[in-house]
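Student: Hi! Could you walk me through this one while I have it open?
Tutor: Happy to, just ask away.

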Amino acid sequence: MGRHAKPTALKVIQGNPGKRKLNKNAPSPDALTQVPEPPEWFGEIAMNIWRQVAPWLVEAKILTGTDLHNLEAFCMAYQRWREAQDDITKNGIIVMGAKQEIKNPACTVSNETLRQMAAYGGALGLDPAARARLKPGGNQKPDNPFTALRGGKAG
C-alpha cells in the first residue's frame, strides 16, 4: 500500500528532488496545442468552466489527450456543486422531510462534489498547492543569443 506511484512525466514537470532514477520507458503523452471543444452533453455551467480552465491548461502545456476525462469530471463536479449551492441558498440547510426536518440533501451533494473538484483539480494543477508543484512545459532553459559565442556552452 502507500502512496500511488507518480507518473514519470509528472516527476519531470515537478522536479525530482530525491534524484531517484526515472523510468525512461514510461509513456509520455504530448501536451495539447489547441483548446478542445467542451463535450456537447455539458450543461451551461460546465461549459463555462471548461472555457475558463481549458485554455490555461493548454497554454501551460499541462493538458494532454489522456487528461481530458479529468477535465470533464472536474467541470461536471463544478456544475453539480453550483447547482447544489443554488438549492441550499434557495431552500436552506434544513428542509422538511416526509415527517420531520432534515439536512438538505444538497449539502451532501455539495460536500461530495467539493471533494471531487479537489481531486480532479489537483490532478490538473488547478489549486495553489498543485500549481506550486508543477513546472509547466518542463525545465527548458530560455534561448540565450550569446550561447553560440561561447561555443554552445551554457553559463
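Student: Where is Ala 84 found?
Tutor: Ala 84 sits in helix H3, where helices are DSSP runs of H or I with at least four residues, strands are E runs of at least two, and both are numbered from the N terminus. This is a predicted model, in which local features need pLDDT of at least 70, side-chain atom pairs count only at pLDDT 80 or more, and totals for chains, interfaces and linings use all residues. Residues are numbered from 1 along each chain as its sequence is written, and side-chain values use heavy atoms, leaving out hydrogens and water.

Student: Is Ala 84 buried or exposed?
Tutor: Ala 84 is buried, at 5% relative accessible area; buried means under 20%, exposed over 50% and partly exposed in between, with a 1.4 Å probe and protein chains only.

Student: And what does Ala 84 touch?
Tutor: Leaving aside residues up to four places away in sequence, Ala 84 touches Ala 106, Val 109 and Ser 110, with contact meaning heavy atoms within 4.5 Å.

Student: Which residues of H3 and H4 make the contact?
Tutor: Among them are Phe 74, Ala 77, Trp 81 and Ala 84 of H3, and Val 109, Thr 113, Met 117 and Tyr 120 of H4. By class, the H3 contact with H4 has 16 nonpolar, six polar and two charged residues. Ala, Val, Leu, Ile, Met, Phe, Trp, Tyr, Cys and Pro count as nonpolar, Asp, Glu, Lys and Arg as charged, and the others, Gly among them, as polar.

Student: Now H2 and H3: how do their axes cross?
Tutor: The axes of H2 (residues 44-59) and H3 come within 8 Å and cross at roughly 140 degrees. That makes H2 oblique to H3. Residues in this contact include Ile 49, Trp 50 and Val 53 of H2 and Leu 71, Phe 74 and Tyr 78 of H3.

Student: Zooming out, how many helices and strands does the chain have?
Tutor: The chain has five helices and two strands, in the order α-α-α-β-β-α-α along the sequence. Of its 155 residues, 28% count as buried.

Notes:
Axes are lines fitted to C-alpha atoms, for helices over the stretch in contact, and angles run from 0 to 180 degrees between N-to-C directions. Angles under 35 degrees count as roughly parallel, over 145 as roughly antiparallel, 65 to 115 as roughly perpendicular and the rest as oblique.
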